[in-house]
Amino acid sequence: MRVLFAGTPEVALPTLQALMNHPEHELVGVLTRADARKGRGRALHASPVAALAREAGLDVHTPATLRDESARIWVRTLDADVAVVVAYGRLIPAALLDIPKHGWLNLHFSLLPAWRGAAPVQRALIAGDTTTGASVFRLEEGMDTGPVYARLTEAIRPTDTSGELLTRLAEAGAPLVLDVLRTLNRGTAAPEPQAEEGVTVAPMLTSADGEIRWSDPAPAIDCRVRGVTPAPGAHTFYDGARLRLGPVAVVPEVADLLPGQLRVTKHDVLVGTGACAVRLGQVAPAGKKWMAAEAWARGARPPVGAVLGVQGREP
């Protein structure tokens with residue numbers, strides 16, 4: 001099949017690589033986000049998808065918008081049988097949806113209709129879900145509402161971060177996309193409408209989603225930290241300065257600390273929550289690299305009874 005691929009970050013690479021290596025498919029074009037300036041030098045960096053596609057000599061297109069006539073002309077000239085989308089980062093306009101013979105297929109990292117939107121894995125972890133998955137569905141004008149061709153399920157492990165879970169789903173999702181393309185090519189595909197029940201939404205995360213409220217129960221804090229790791233990242237405040245947090249561990253046997261209250265021992269840095277305590281792992285003070293919480297505490301020397309949280313607000 002003649003395939004147009006649209007994707008941007010690293011989680012899109014397993015599917016792109018699988019399509020590149022498959023003898024029955026021809027990648028006729030790649031859509032991705034434009035090169036972005038990063039780092040202290042603000043040098044231009046290609047997206048992971050653009051870097052791999054250019055290395056392979058593929059036709060890479062990085063339009064600022066898909067809503068003008070030039071984008072429609074480019075898609076039409078490709079004469080693609082199908083378009084495959086994995087974390088492209090832009091909405092596909094209605095005018096483009098019916099140009100490929102089999103439309104646009106999206107590999108979405110949830111069990112639709114759960115967690116429609118930009119951050120399904122992150123939101124699932126924050127909510128404390130124990131199972132998630134991936135779905136291949138056909139794009140339509142609604143937000144992730146199209147009929148589903150195939151699904152896979154994946155258990156959420158107790159220590160999973162969103163980065164780790166996304167990596168597993170991206171790797172498992174690539175063969176799922178190939179399976180769907182096989183059924184489309186044979187004329188045996190049987191997409192099913194999404195259920196009207198069980199719809200949840202997963203809007204994009206902001207920095208505010210990573211701020212820890214220590215009055216929440218310890219399990220909820222654990223889930224939130226893992227859900228926002230690695231991005232946008234979890235944080236709190238100590239002595240008026242931001243303190244970034246890595247994954248924490250729930251400590252059920254310690255229940256005598258107030259929310260946000262610190263207890264530093266020789267080997268642990270404990271923080272009180274709305275229930276029991278949590279043990280801090282890696283932390284990063286403002287402007288500094290990641291370090292063990294114990295190393296931070298040795299340098300910061302928090303006084304007995306010190307509290308983490310935003311000054312002037314409930315911790």
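Because the model is predicted, local features are reported at pLDDT of at least 70 and side-chain atom pairs only at pLDDT 80 or more, while totals for chains, interfaces and linings use all residues. Residues are numbered from 1 along each chain as its sequence is written, and side-chain values rest on heavy atoms, with hydrogens and water left out.

The protein chain is divided into domain 1 (2-186) and domain 2 (207-307), with bounds taken from an automatic or database domain assignment. Between the C-alpha centres of the two domains the distance is 35 Å. For residues 205-300, an unreviewed UniProt entry gives the feature "domain: Formyl transferase C-terminal"; UniProt positions follow the numbering used here, feature names are shortened, and annotations may be inferred rather than shown by experiment. That span is 19% helix and 30% strand, and its end C-alpha atoms lie 30 Å apart. Helices (H or I, at least four residues) and strands (E, at least two) are DSSP runs numbered from the N terminus.

Turning to the interface, 12 residues of domain 1 are in contact with 10 residues of domain 2, contact being heavy atoms within 4.5 Å. The size of an interface is often given as the accessible area lost when the parts come together. Here domain 1 and domain 2 bury about 770 Å² between them, with 53% coming from carbon and sulfur atoms; this is the accessible area (1.4 Å probe) that the two parts lose on being put together, summed over both. On the side of domain 1, 52% of the area buried against domain 2 comes from L125, I126 and T161, more than from any other three residues.

Polar links also cross this interface. The rule finds 6 residue pairs in polar contact there, both residues at pLDDT 80 or more; a polar contact is a pair of N or O atoms within 3.5 Å, where within protein one must be able to donate a hydrogen and the other to accept it, and residues adjacent in sequence count only if both atoms are side-chain atoms. The elements giving two or more residues to the domain 1 side are α5 (120-126) and α6 (162-186), and α5 gives the most, with 4 residues.

The interface also holds 1 salt bridge, a side-chain nitrogen of Lys or Arg within 4 Å of a carboxyl oxygen of Asp or Glu. The side chains of R123 and D209 form a salt bridge at 3.6 Å, N to O. By this rule the count comes to 11 salt bridges. Among them, R168 pairs with E154, with the closest N and O atoms 2.8 Å apart. This pair links distant parts of the chain, 14 residues apart, joining helix α6 to strand β9 (residues 148-155).
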